[in-house]
Amino acid sequence: MMNAATTGLATGVALGFAGYFGGFWAFLLVLVLGAAGLVVGLVVQGDLDIRARRQR
């Protein structure tokens, strides 16, 4: 299992490569898709309960 520091490092490297080789729009696309993947991963893992947040 990866810890938070390793995950943050991998994310930073991916965003850096996207920004360098693909420009701003590639950077933005990787950022948005990464955030969506994070939310899906948290839901699947059980750390984020969408039903509880929707009832507020």
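The dialogue below reads a predicted model, beginning with the whole chain and ending with single residues.

Q: How many helices and strands are in the protein?

A: The protein has 2 helices and 0 strands.

Q: What does the radius of gyration say about the protein?

A: One compares the value with what the globule rule gives for a chain of that length. Here the radius of gyration is 14 Å, whereas the rule gives 10 Å for 56 residues, so the protein is more spread out than a compact globule. The box filled by the C-alpha atoms, taken along the principal axes, is roughly 40 × 25 × 15 Å.

Q: What share of the residues counts as buried?

A: A residue is called buried when its relative accessible area is under 20%, and exposed when that area is over 50%. In this protein, 5% of the 56 residues count as buried. The accessible surface amounts to about 4900 Å², and carbon and sulfur atoms hold 69% of that surface.

Q: How many aromatic pairs does a search of the whole structure find, and how is such a pair read?

A: The search finds 3 aromatic pairs. To read a pair, one looks at the angle between the ring planes: under 30 degrees the pair is stacked, and over 60 it is edge-to-face. For F17 and F21, the ring centres are 5.9 Å apart and the planes stand at 10°, so this pair is stacked. The rings of Y20 and F21 have centres 4.9 Å apart and planes at 85°, so they form an edge-to-face pair.

Q: Where do F17 and F21 lie?

A: Both belong to helix α1, which covers residues 4-45. F17 and F21 are 4 residues apart, about one turn of the helix.

Q: Are these aromatic residues, F17, Y20 and F21, buried or exposed?

A: F17 and F21 are both exposed, and Y20 is exposed as well. F17, Y20 and F21 make up one aromatic cluster.

Q: Which residues make the nonpolar surface patch?

A: The patch is made by L9, V13, F17, Y20 and F21, and its area is about 630 Å². V13 lies in helix α1 and has 40% relative accessibility, so it counts as partly exposed.

Q: How does one read L48, and is this residue buried or exposed?

A: L48 is in the loop between α1 and α2 (50-54). Its relative accessibility is 18%, and L48 therefore counts as buried. Leaving aside residues up to four places away in sequence, L48 touches V39, L42, V43 and R53. By contrast, the C-alpha atom of L48 is separated by 22 Å from that of V30, which is 18 residues away along the chain.

Q: What does L42 touch, on the side of its partner?

A: With residues up to four places away in sequence again left out, L42 touches D47 and L48. L42 is part of helix α1, and its 28% relative accessibility means that it counts as partly exposed.

How values were computed
Residues numbered from 1 in each chain as written. Predicted model: local features only at pLDDT ≥ 70, side-chain atom pairs only at ≥ 80, totals over all residues. Heavy atoms only, no water. Rg over C-alpha atoms; globule rule 2.2 N^0.38 Å. Buried < 20%, exposed > 50% of the residue type's maximum accessible area, 1.4 Å probe, protein only. Areas by Shrake-Rupley, 256 points an atom, 1.4 Å probe, with all protein chains shown as cover. Phe/Tyr/Trp six-rings, centres within 6.5 Å; stacked < 30°, edge-to-face > 60°. Patch = residues over 30% accessible without salt bridge, like charges linked within 9 Å, V, L, I, M, F, W, Y side chains within 5 Å. Salt bridge = Lys/Arg side-chain N within 4 Å of Asp/Glu carboxyl O. Contact = heavy atoms within 4.5 Å.
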